[in-house]
Amino acid sequence: MRKLTALIAGLLFGLGLYLSGMTNPAKVLGFLDLAGEWDPSLALVMLGALAVSSVFFYVARQRRTALLGAPIKMPTRRTLDRRLVLGSVVFGVGWGIAGLCPGPAVALLLTGQWQVGVFVLAMALGMWLFERIEARRLAKA
Amino acid sequence: MTLSPDFTPWASLLGGALIGLSAGLFILLNGRIAGISGLLGSLLAKHAEGRAEKALFLLGLLASPWLWSLFATLPGASIQAGGAALVLAGLLVGLGTRYGAGCTSGHGICGLSRLSLRSLVAVACFMGSGFATVYIIRHLMGA
């Protein structure tokens, strides 16, 4: 059952991305380009998403277990550190270069544009590098 | 500031609500955060629990254009960046989201939904650097 709901949630996420226009990198860049002809669509995507998901999260935060029985894995870190800030800044630079972030990139991957394949391979390499660097750092410590 | 004719308030609001419903269902039914970079990253990590559920969420996301195309034609996706720029962008997005522990979905939607200060800071950082990057590329370099 949990596997089925995971699949359905993934499908819904993708349909939402397509409907909202966020699978079009040109539209995302239209939002990030404040000095050009500005397209505020992305802000409304966030607004629509938060209006719905915050209700679910409010309920989830009162509970220890999810409705299908598994423990609710709420993130526990509270510290505002350099990794959070620098990592997010670096992510934003990459986002601004191509107009792609992980969700839309995955949703577009099988639609046949080579550019998305190149981006996703490089993104996977970046994530793999992170795992390697972290493993080395933890081994030293 | 001028408003773009491409602005789609209703479709974006409704699409956003669907994304929010997905993230809401994933936390309440499965107990998991619908953060795409986190899901991808833990599939690439050596040890991670719940791989099957995470992979199935991503499979749904991968298959969503197929489901969409049963009912309507897929909207266009216009990518201007060239090969080298895409490689650089992908590397920065991969490294940055893993160091920053989240992306537009994990921090932007799930994190802000649970009023996380870390996520608010992360969103301010990646939006800020995103705005700055596009300003530099389009208005200072003129690309």
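Reply: B:Leu115 is exposed, with a relative accessible area of 69%. This is a predicted model, so keep that in mind as we go. You'll find B:Leu115 in the loop between α5 and α6 of chain B, and its phi is near 55°, a positive value in a residue that isn't glycine. Most residues other than glycine have a negative phi. Chain B has another such case in B:Ala101, with phi near 60°. B:Ala101 belongs to the loop between α4 and α5 of chain B. With a relative accessible area of 31%, B:Ala101 counts as partly exposed, whereas B:Leu115 is exposed.

On to the helices. An unreviewed UniProt entry lists residues 12-34, 55-71, 77-96 and 117-137 of chain B under "transmembrane region". Take residues 117-137 of chain B: the span is 100% helix and 0% strand, and its end C-alpha atoms lie 30 Å apart. Residues 55-71 of chain B come out at 88% helix and 0% strand, with 25 Å between the end C-alpha atoms.

Now the contact with chain A. Here 107 residues of chain B are in contact with 108 residues of chain A. Between them the two chains bury about 9,900 Å², and 77% of that is on carbon and sulfur atoms. B:Leu28, B:Tyr99 and B:Arg118 supply 8% of the area that chain B buries against chain A, more than any other three residues.

For the polar side of the story, there are 24 residue pairs in polar contact between chain B and chain A, counting pairs with both residues at pLDDT 80 or more. The salt bridges between the chains number five. One of them joins the side chains of B:Arg98 and A:Glu131, at 3.4 Å from N to O. As for which elements take part, those giving two or more residues to the side of chain B that touches chain A are β1 (2-3), α1 (9-30), α2 (36-44), α3 (51-69), α4 (83-99), α5 (106-113) and α6 (117-140) of chain B. The largest share of that side, 21 residues, comes from α1(B). Sorted by class, the side of chain B that touches chain A has 66 nonpolar, 33 polar and eight charged residues.

α2(B) deserves a stop of its own. Its buried residues are B:Ile36, B:Ser37, B:Leu39, B:Leu40, B:Gly41 and B:Ser42. What covers them comes from both chains: it includes α1 (2-20), α5 (102-108) and α6 (114-140) of chain A, together with α1, α3 and α4 of chain B.

A:Asp39 counts as buried because its relative accessibility is 2%, and the cut-off for buried is under 20%. Its side chain makes a polar contact with the side chain of A:Lys27, at 2.8 Å. If you set aside neighbours within four places in sequence, A:Asp39 is in contact with A:Lys27, A:Gly30 and A:Phe31 from chain A, and with B:Ser4, B:Asp6, B:Phe7 and B:Thr8 from chain B.

Methods:
Residues numbered from 1 in each chain as written. Chains lettered and ligands numbered in written order. Predicted model: local features only at pLDDT ≥ 70, side-chain atom pairs only at ≥ 80, totals over all residues. Heavy atoms only, no water. UniProt positions renumbered as here; feature names shortened; annotations may be inferred. Helix = DSSP H or I, 4+ residues; strand = E, 2+ residues; numbered from the N terminus. Buried < 20%, exposed > 50% of the residue type's maximum accessible area, 1.4 Å probe, protein only. Polar contact = N/O pair within 3.5 Å; in protein donor to acceptor, adjacent residues only side chain to side chain. Contact = heavy atoms within 4.5 Å. Buried area = accessible area lost by both parts, 1.4 Å probe. Salt bridge = Lys/Arg side-chain N within 4 Å of Asp/Glu carboxyl O. Nonpolar A, V, L, I, M, F, W, Y, C, P; charged D, E, K, R; others polar.
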